[in-house]
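I opened the model to look up some helix geometry and packing. My entries follow the display.

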Amino acid sequence: MDAESNNSKALKAGNMGKTLEITKPEQQQQQQQSSHGEKDGDVEGNVKQRHATSNMEAATHLFKGSVGAGLFAMGDCFKNGGLIGSTIMLPIIAIMCVHCERLLIRGSLLAVSKTPGAIFYDYPETVEKCFEYGPQPLRRMSRAMKLIVEMFLCVTQFGFCAIYFVFVTENLHQVFLQNGIDISMSMVMLITLLPAMIPSLLTNLKYISPVSLVANFALLFGLIATLTIAFSEGPMPPFGDRHSFTGGTQLALFFGTALFSYEGIALILPLRNSMRNPDAFSSRFGVLNVTMFCITALFIFTGFVSYMRWGEDVAGSITLNLNVEDVMSQVVKIVAALGVFFGYPIQFFVMMKILWPPVKRANGCAQKYPITMQVALRFIMVMLTFCVALVVPKLNLFISLIGALCSTSLAFVIPVIIDFVTRTQVPKGLGTLIYLKNIGILTIALLGIITGTYQSIVEIIKEFQ
């Protein structure tokens, strides 16, 4: 059995976890399976039960999937939104995110209930199935909508990987210069390429996932140490020295950075369906609500303290504001850089999981030499993320661009469209209040996409000039 087959089974077992309840007709259909199929089902069920996650494990996965480089960009986020404005708007964005994630879960459950033998669908499959079972004129769009979602997911993951290169490079460059190593940013990035390349070429997830634990500890240490140093530098500047509210172009950049930071929507369905008790994921005090509350509180605290301390000089990563002459600050920069760096192979694996299947189906060589071709594709994609990171001059603008364009579409636009499609099939399913609520979310999302993307591109062009 080849490595792709092993990966497929491992991912399937890890993601599916506990199956959803099935209807009686589906039970009757499954009872008609052959004895060989029943044995396979028993084995698969045992594997699922063994891999089922607890509430705490699911919350931990959701937390580490939603908190990455965006956490260190919260100071820049508050600079663009203002102290009071950001403190008000971040919880509102979090509530909208949670609501749209619930819409996604609802659409997935409806799609599963209408598909005999289905256990669960991930994000792209949910969109495809919802359109397949939607109004007749929309059914022919199902395949196209799945491709659009996969494209946005790939672009988002690609952006995360490129941002990780920039984050690591900027922090290490400061440390090198302080210690008398006169080296360019481009050369520092080139040095990080090989360590990023090696784990990214591995095709088996079990060899990559252990670095995630190291990344979590490094990120947590980097954040706590950075905030500790911020408090220890003396009294905070007066509140009046900082902007309470902002407007115009700065708000557009705030929106993009905030949406980028809530980067875990692709994990929602796999995490829910991997739990022993999936209903506990989206209950009132369940995994989703509690974890998002903690993440939002962490974002607000980090952003508020960072902007209060460094004001308009706050960088795209708050670690860049630390005094590089201090040895402890250098250690923090290195550890935080390692924490983000170790997250690169995981983010890259998610992107490859989407890219590889269609490439394999469309390419005869990929079917004949799957391992060789997949490694070649991985090499090309690592080099592409490296090249994009090399030409983008500012970390904070790159974060705002990816957040405004892709994260907003995945977090707000697609789930609301799914809700419209599924409710039109139910008599009186699309009431006036639901209709106005969905239109409101779409309006906010589209304004954020247009203004955030435009302003990010304008600022990036200015940097090039």
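Before going on, I noted the terms of the model. It is a predicted model, in which local features need pLDDT of at least 70 and side-chain atom pairs count only at pLDDT 80 or more, while totals for chains, interfaces and linings use all residues. Residues are numbered from 1 along each chain as its sequence is written, and side-chain values use heavy atoms, with hydrogens and water left out.

Entry: the chain. I found 21 helices and 0 strands; these are DSSP runs numbered from the N terminus, helices being H or I of at least four residues and strands E of at least two. Of the 465 residues, 51% are buried. Buried means under 20% relative accessible area, exposed over 50%, and partly exposed in between, with a 1.4 Å probe and protein chains only.

Entry: α11. Helix α11 covers residues 185-200, and its 16 residues reach 22 Å from first C-alpha to last, close to the 22 Å expected at 1.5 Å a residue. The expected span is 1.5 Å times one less than the number of residues. I listed V188, M189, T192, L193, A196, M197 and S200 as buried in α11. These buried residues pack against α10, α16 (327-341), α17 and α19 (370-391), where contact means heavy atoms within 4.5 Å. M187 also sits in α11, but M187 is partly exposed, at 41% relative accessible area.

Entry: α10 with α17. The axes of α10 (residues 142-178) and α17 (residues 344-362) come within 9 Å and cross at roughly 145°. Axes are lines fitted to C-alpha atoms, for helices over the stretch in contact, and angles run from 0 to 180 degrees between N-to-C directions. The contact includes F158, F160 and F165 of α10 and F348, M351 and I354 of α17. I noted its residues as 13 nonpolar, 2 polar and 3 charged. Nonpolar covers Ala, Val, Leu, Ile, Met, Phe, Trp, Tyr, Cys and Pro; charged covers Asp, Glu, Lys and Arg; the others, Gly among them, are polar.

Entry: α21. I found I439 in helix α21 (residues 432-464). I439 counts as partly exposed because its relative accessibility is 34%.
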